[in-house]
Each structure stands twice: as C-alpha cells, then as structure tokens.
Amino acid sequence: MILPVQPRRLLTRPKSLLLLALTTATLYWILLHEPANTQTAKWFDENAGPVQAPLSPATGLTSAEDKQRVEAEAQQKAEEEKHQQEDHREEDLREQFDREYESLAKEPGADDLYGQTLNTLESAKKRSHSIPEHLKQAKDKVSFSSRQPYVYNPYPNVNEKTKPQQVPCEGPDGSQPGDIKVFLGQPADFPEPGFGSYDVLGMDGNLCYERETRLGIYGYKKDDDLSRPLVNWDKVTWGSLQEKCVQKNKARFDMQGHLNPYISTVYSRQNSSGAHIESDETDVESPLYNDPNRALRRNVRSLPKSGKSKQIPGSEARTAVLLRTYTGKKYSDNDKQVIRSLITELSLRTGGQFQVFLFVHVKDSAYAIWDDEGTYQYVLDTNVPAEFKDIAVLWNDEATQTMYPRIDPNKATVHVSQWLSVQKFAQEYPEFEYIWNWEIDARVTGHHYDFVEKMATFAKRQPRRGLWERNERYYIPSIHGDYDTKFRKEVEHVSGKDTIWGAPKLPFVTPVGPKPPVAKPEDDNYKWGVGEEADLITVAPIFNPINSGWVSVNELWGFNDSDHATTDLIRRATIVTHSRVSKRLLDIMHVENLRGNHISSEMATQTTALLHGLKAVYAPMPVFFDRPWKGKDLAKWFNGGSKGESGGPGSAMGWGREARYRGSTWYYRANPPQRMYLNFMGWEDTNVGGKLWEEDHGRPCLPPMLLHPVKDIEPTEPGYKSESNLPYS
C-alpha cells in the first residue's frame with residue numbers, strides 16, 4: 001500500500017509536527033480527566049421527559065440542589081398543565097352553558113318573566129293556595145283595568161287573649177294606616193319558580209301586585225299627575241311615629257333587653273387563643289351611636305346596666321330592620337315610597353314589633369362625626385331626605401375599627417366586614433331580639449310583613465336533623481318533590497354519615513348553642529329544633545365554599561392554634577348578606593371579633609352559627625328564570641356538587657361560573673330584576689313597558705317575590721335597555 005504522504009516525510013514538516021503535538025496533548029488530557037463511570041447524556045426529547053441531570057464527578061450521583069431544582073421544575077410544569085386543563089374545562093363548561101342558554105331563548109316560555117299584565121290574569125290558575133281570610137273585595141274600582149282589586153291584610157288577629165292586645169298606631173296623616181290592594185291570580189304565561197316554593201313557605205302566591213294599588217298610599221303618582229299629594233312627606237318624622245307606636249304597645253315587649261351575656265362567661269383569661277375580654281369593652285357610650293337623634297328614638301331611656309340572659313316571660317320579641325345605605329346616594333321617588341312601605345307595613349301596622357332604621361355608611365373618613373355634633377348633623381342633612389332623618393343612624397369604618405382593635409384595620413371595612421357595624425348596633429340596642437340586614441337595592445314586590453313573617457315561620461318549624469345538608473342545596477320543586485318528606489329523605493340518603501349534628505369540637509371555640517339531645521341524628525325523630533326560632537335566616541343556600549372557586553373562600557383570620565391552621569376551619573357561606581340574624585348570634589360574633597377571630601361578610605354569620613351550634617336556615621323563597629329550564633338542568637348547573645349540593649367543586653358561585661345567574665331574579669349579577677321592576681313601574685326597558693306599550697298590552701303586575709339588584713329606579717327614555725356591566729370572569 002502506497003501512502004499519499006510517507007510518515008517519515010510527514011514528520012519532517014513543521015506544520016505536521018505541531019498538529020501531532022496538539023492531538024497527543026488532547027488525548028492525554030481526556031484520559032487523565034475522564035470519570036470512572038461515564039454515561040451517555042440523553043438527548044432532549046419533549047416526549048421523553050426531563051433531561052437527566054449531570055452527574056457528580058465525586059460520587060456519580062445528582063447533587064441535592066440539582067435534584068430539588070429538577071423536581072420543583074417538574075412539579076411546576078405539572079401544575080401549569082393541570083391549571084391549563086382546568087381552564088380549558090371551565091371554558092368548555094361556560095360555552096356549554098351559553099349554548100344551552102341561547103338555545104332555550106328560542107323555546108316557548110323564554111322571557112315570559114317580562115310583559116305580563118293584568119289583561120292576562122288567570123284567577124283560577126292554582127299555582128299556590130289563596131288565603132281567603134287575608135282578602136276582602138275593594139269597594140272602589142280602578143281606572144286602568146276592568147278587574148276588581150282586593151284589600152290585602154296578612155296580619156294575625158290582634159285580639160288574642162293570651163297576650164296584651166295590640167294598640168293601633170297613627171300613620172303619617174294622623175289616622176291609622178290603610179291596606180294595600182292586590183289582584184287575584186297570576187298572568188297565564190308567568191313561569192313557575194325554578195327554585196323555592198310559595199306553598200313550602202305558606203305564602204299566598206296566587207296574587208298579582210300592580211304599582212298604583214301597591215305603592216299609591218305611599219306617594220306613588222303617575223308621571224303626568226301634577227296634583228297636590230295627600231301627605232306633605234317632608235313634614236313627616238318617621239322616627240317619632242315609630243317611637244310613639246311602640247310606646248303605646250310597650251306592655252307587649254321587653255323594652256330594655258339584656259346586655260351581651262357572653263362577654264365574661266364564654267372565654268376565660270387563660271384561654272390560649274385569645275385574652276380575657278373585659279366587660280367595659282362594650283361601653284354603651286361608644287361613638288357609633290353618640291348622635292343627636294338617639295334621645296328622640298329612645299325616648300330618653302337608659303340601657304340596662306346588667307342584663308337578663310333571656311327575654312321576660314311572655315314578652316314578644318322585637319326586630320330591627322337595618323336598611324343599608326350610604327352617603328352620596330340619591331334617593332329616587334321609588335326609594336322613598338319603598339322605605340315608607342317598609343316602615344308602615346312592618347312597624348306601624350304591627351304596633352312596634354319591628355322598627356326600621358336607615359343605616360347610613362359615611363364613606364368619607366374626613367368627616368369627624370364622632371367629635372363634633374355639628375359635623376354629624378351636616379352629614380345627616382346633606383345625605384338623608386328630611387322625612388327619614390330621625391330614623392337614620394350614621395356609622396363609619398373608624399367606629400368599627402376602634403371597637404375591634406385585634407382585627408387588622410384593612411380588614412375591618414364595609415367591603416370585607418359588613419357585620420361589624422351590625423354587631424355594634426346589637427350591643428347598643430339590646431331590646432331587639434332579631435335584626436334584618438336589608439339591602440337598599442332589594443325590592444319585595446309583595447307585602448313586606450307577609451314576606452318576613454312567612455320566612456320566620458318556616459325557619460321556626462324546621463327540625464335540626466339534616467338541616468345543614470338541606471341548607472346546602474337549592475330546593476327545586478320539579479325534581480325534589482315535597483320538602484318535608486321526599487326532599488328531606490333524599491338529602492339524608494346522599495349525605496350518609498357526612499352530616500353535621502351539633503357544634504364541631506374545636507379546642508379554640510366554646511359553643512354557646514344547645515347540645516344535641518341524642519348522640520346520633522338518626523335517633524332523633526325530627527323533633528329537635530322544631531319550634532325553635534332560627535338564629536340565622538338566609539334567602540339563598542348556605543354552601544360549603546371550600547374548593548368551590550368562590551373568590552372569598554380564604555378571607556378568615558384567627559380561629560386557630562398550634563394544631564389547627566386558620567384555613568383548615570370548617571366554614572359556610574351565602575352570597576348576598578340580606579338575612580335575619582338573632583341577637584344571640586350577633587353577641588357571640590362580637591365576642592369572637594374582640595378575640596381577633598374574624599371572617600369576611602358572606603361567611604361570617606353562617607360559619608359562626610355552625611361553630612357555635614346555632615340554628616341556621618335557608619328559607620327557599622321563589623326564584624324565577626328568564627329561560628324555561630327543566631329541573632334536572634337547574635340541578636346540573638346550580639346543585640352540581642358530588643352529592644347534589646350547591647357548594648364544593650363546580651359551584652355556580654365560583655369565579656367564572658356566576659354568569660349562570662344572569663337570567664335569575666335573585667343574585668347580585670342577575671339581569672331580570674332591574675328590567676322587571678322598571679316595567680312594573682311603567683317604564684320602558686328592552687322594548688317592553690312604557691305608556692304606549694301599556695295602552696296595547698295592559699298594566700304590568702307581578703306575583704310576590706324578592707328582587708335583587710334593583711338600582712336607580714327612574715323614568716327611562718324610549719329604546720332604553722338595562723344590562724349588568726359586572727364581569728363574570
């Protein structure tokens with residue numbers, strides 16, 4: 001074999017010698033530094049998993065830091081992929097709901113919430129039982145319909161011999177307040193409730209309310225009516241009327257009440273989760289109610305210095321209605337009419353069983369309303385209509401932050417802690433056994449007394465067995481059947497042993513509620529709790545927010561010890577705080593907050609009631625939809641939990657899923673309430689309503705229901721369309 005270049009000749013070339021030397025040196029270095037156990041690195045392949053980490057020269061194993069880093073990166077990637085899958089699934093569900101919602105828009109019954117009038121009434125339509133003793137045919141006819149109205153009086157017989165008789169009270173014109181009028185029946189095409197039931201609540205649903213017969217005695221007039229009003233409303237002092245009324249009936253009530261019994265009895269100084277609470281922390285002369293109108297409302301009465309733990313035997317309980325409002329609000333004529341109706345129907349007609357307050361949040365902290373009486377009066381004069389000044393109670397975040405020093409001031413605000421101000425009211429007005437937290441943008445189309453009393457009566461007759469589990473679900477009559485039999489048994493069956501029976505055992509909570517009479521719920525024949533007033537009544541389910549996707553699920557602080565994290569706390573929630581709360585529940589909430597245990601607004605009452613073994617009830621009021629949903633589909637979208645509950649994974653209250661409520665009559669993101677109420681008041685919205693429309697179709701009327709939200713009710717322009725601008729996701 002002949003080489004192109006002979007080796008000897010190669011070695012004689014200078015460049016060749018240099019190349020050979022470099023090659024030899026390189027081979028020598030590689031042999032010297034090569035590890036004992038070499039492995040071939042795996043090439044990156046996106047389908048083959050993560051690249052293998054380099055090996056340690058000393059041991060041949062991956063370093064701890066590198067291993068942790070790789071594991072963290074892998075975990076992060078897995079979580080990102082999981083979140084992406086969840087996002088895709090949520091988007092698929094939203095699109096599926098939207099498709100079903102839009103498809104139902106083409107079906108018979110869609111939008112039957114709107115445009116129903118007296119012309120289409122069917123008095124024989126047995127949607128709900130009528131209560132004849134509450135109805136009396138009116139003597140006068142109306143000009144806008146051929147149908148005859150009825151006087152509606154839902155109040156009980158005031159001449160019962162078992163208690164002091166009710167003394168009639170004066171209205172704003174000096175005479176006894178009159179009754180509103182209603183029409184028998186419901187519009188032929190008005191839908192059945194999707195959630196809730198008139199029959200279950202014992203409420204007369206076979207009625208239809210029209211604006212003139214509903215609100216006429218409270219100042220409603222037609223838009224073109226320029227006649228002089230029968231009452232000079234600016235001269236009315238509703239606080240004085242309420243105070244005179246209750247004084248006439250003081251033999252029926254415990255006018256003093258009792259101070260908070262839990263301040264010094266429930267938690268001792270040695271309690272590990274909170275210091276001892278001194279009794280002077282609830283000093284009744286605190287700034288919240290150090291206002292110039294207090295003497296008038298209280299008739300210069302002093303608060304009890306030491307209280308009873310129970311009501312005076314035989315005395316009737318009183319209820320305060322706190323109508324939540326704020327500085328800067330402009331009160332429409334409709335706002336004023338509704339407030340007048342609340343006071344008349346709840347307070348004056350019951351002889352003082354209820355008392356209505358305008359609970360005004362002073363949003364601007366620059367006003368030193370506690371330091372200067374003139375400032376207080378200025379804020380009152382510039383923010384409250386004249387007729388309501390002496391029922392107005394001003395408060396601000398400063399007052400609640402001062403009262404609860406162990407709560408972070410950033411959390412003690414109205415947006416996070418709406419109940420702090422109510423708790424303070426309860427400490428300083430102890431004569432009220434119950435308090436309704438009432439949203440200013442809610443509207444009862446029916447009679448206020450009928451609504452609140454039917455809710456309370458329903459709650460009182462509920463047994464505690466299975467109650468928390470029933471509370472978790474929307475009651476859907478079309479699939480659940482009879483509430484007290486089929487529904488009750490179905491809920492118990494799917495819940496199994498996973499039930500709540502008394503207060504949970506937690507080392508940092510001392511329950512104030514009663515203990516179960518038997519060890520297991522199945523040993524109770526639905527007796528415990530029957531006849532017991534509810535400490536909490538809500539108008540929507542009391543759901544488990546954990547893993548629900550609800551945005552406020554972890555807004556709680558305290559309620560922990562060395563073995564229990566705050567976020568491990570069992571809890572419940574209800575969307576919208578419109579509810580009735582007992583003094584007992586507010587008293588223990590006050591004490592827990594003084595200890596630094598705190599929960600955000602829509603979980604506070606529900607969770608505290610659960611922790612302390614108190615009675616909480618979701619009263620299934622009728623809720624309607626603008627689409628003809630079948631019961632099974634409502635259950636799928638709103639009771640979507642693994643056991644048919646409304647909370648937990650997939651909850652409609654979760655962020656990004658609340659659009660499901662857009663067609664309902666009750667939810668803070670719902671669209672129908674505004675549109676329905678504008679039409680009810682005679683104004684156009686979305687091509688329905690208005691003077692010309694009513695000439696062709698008749699006067700709108702609505703069955704009794706609670707609508708929310710209803711805001712800024714004023715006459716609309718032709719072509720007006722209301723819509724919610726709140727984001728859903």
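Cys-169 and Cys-245 form a disulfide (a pair of cysteine sulfur atoms within 2.5 Å), with 2.0 Å between their sulfur atoms. The link of Cys-169 and Cys-245 is right-handed, with 80 degrees about the S-S bond. Helices (H or I, at least four residues) and strands (E, at least two) are DSSP runs, numbered from the N terminus. Cys-169 and Cys-245 are both buried, where buried means under 20% relative accessible area, exposed over 50% and partly exposed in between (1.4 Å probe, protein chains only).

The model is predicted: local features need pLDDT of at least 70, side-chain atom pairs count only at pLDDT 80 or more, and totals for chains, interfaces and linings use all residues. Residues are numbered from 1 along each chain as its sequence is written, and side-chain values use heavy atoms, with hydrogens and water left out.

Searching the whole structure gives two disulfides.

| Disulfide | Sulfur atoms apart | About the S-S bond |
|---|---|---|
| Cys-169 and Cys-245 | 2.0 Å | 80 degrees |
| Cys-208 and Cys-701 | 2.1 Å | about 85 degrees |

The Cys-208 and Cys-701 disulfide is also right-handed. This pair links distant parts of the chain, 493 residues apart: Cys-208 is in strand 6 (residues 207-208), and Cys-701 is in the loop between helix 20 (691-697) and strand 17 (706-707). Cys-208 is buried at 0% relative accessible area, and Cys-701 is buried at 0% relative accessibility. With the bonded cysteines numbered in sequence order, the pairing is 1-3, 2-4.

Helix 11 (residues 419-428) is largely enclosed by the rest of the structure, because 10 of its 10 residues are buried. Among them are Trp-419, Lys-424, Phe-425 and Glu-428.
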